[in-house]
Amino acid sequence: MSIKLGVLLSGSGTNLQAIIDRIAEGRLDASIELVVASRPSAYGLKRAEAAGIQTMTLSKEIYADPLVADEIIAAELRKRDVDYVIMAGYMRMVHDPLLAAFPNRVVNLHPALLPSFKGAHAIQDAYDYGVKVTGVTVHFADDKYDCGPIIAQRALQIEEGWSVEDLEEHIHQIEHELYPDTIQLLAEGRVTVRENGTVEVLPA
């Protein structure tokens, strides 16, 4: 089954590009109906336009009331019959208007193995802490930052001598594989959230 996606982003859009590429290769049963950017300078908008995807940018004035912003986003996504909302480097918290419109269908990507290293500086924080293993988490978003049911994780061993830039590069490589892989699980209907808030991924 093919699913319809709405993608939220704030920056360069490399994860959006990974999803676009996977769809184009025929390895992801999805279509992107709308890309929403929280800032007009986001390079991800150019990536979307190059792929012929509709875009929408919300101004700082609208974001001054985050609930209003999320109501506008939810209405636009519902208009397009979107199945899942994919946060791809979206640097804003999502709130009830969006979460209620898409229960257990707002998906986030985090560059660490949650619940470790929450927040906006996860790669730097893991590096500074000196952990030997970090990684990437894909999870359903909820009303708390970097919480919500975990769908998938992939670990990364940090090699001796890596700079934080080396670590960031390897994290991004994992993101660009894991995120499309996980969205494909959603497309295949293999992901369910149990009553206790954990996720079950059914075998193929």
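1. Contact in this note means heavy atoms within 4.5 Å. On that basis, and not counting residues up to four places away in sequence, Ile-86 touches Leu-5, Gly-6, Val-7, Leu-8, Ile-19, Val-107, Tyr-179 and Ile-183.

2. The structure is a predicted model, in which local features need pLDDT of at least 70 and side-chain atom pairs count only at pLDDT 80 or more, while totals for chains, interfaces and linings use all residues. Residues are numbered from 1 along each chain as its sequence is written, and side-chain values use heavy atoms, with hydrogens and water left out.

3. The protein has seven helices and nine strands; these are DSSP runs numbered from the N terminus, with helices being H or I of at least four residues and strands being E of at least two. The radius of gyration is 16 Å, close to the 17 Å of the globule rule for 204 residues, so the protein is as compact as a globular protein of that length. The radius is taken over C-alpha atoms, and the rule is 2.2 Å times the number of residues to the power 0.38. Along the principal axes, the C-alpha atoms fill a box of roughly 50 × 40 × 35 Å.

4. Among contacts with a separation of 6 or more, 61% join residues 24 or more positions apart.

5. Of the 204 residues, 46% count as buried (under 20% relative accessible area; exposed is over 50% and partly exposed lies in between, with a 1.4 Å probe and protein chains only).

6. A nonpolar core is a set of buried Ala, Val, Leu, Ile, Met, Phe, Trp, Tyr and Cys residues joined through side-chain atoms within 4.5 Å. In the largest one, of 42 residues, Leu-5, Ile-32, Ile-86, Val-107 and Tyr-179 touch the most other members. Helix α7 (residues 164-187) gives the most to this core, with ten residues. A second, separate core of 21 residues includes Val-82, Val-85, Met-87 and Val-94.

7. Arg-22 belongs to helix α1 (residues 14-24) and is buried, with a relative accessible area of 6%. Apart from its neighbours within four places in sequence, Arg-22 is in contact with Arg-27, Leu-28, His-176, Glu-177, Pro-180 and Asp-181.

8. Lys-144 is located in the loop between β6 (133-140) and β7 (150-157). At 49% relative accessibility, Lys-144 counts as partly exposed. The C-alpha atoms of Lys-144 and Met-93 are 8.1 Å apart in space, although the two are 51 residues apart in sequence.
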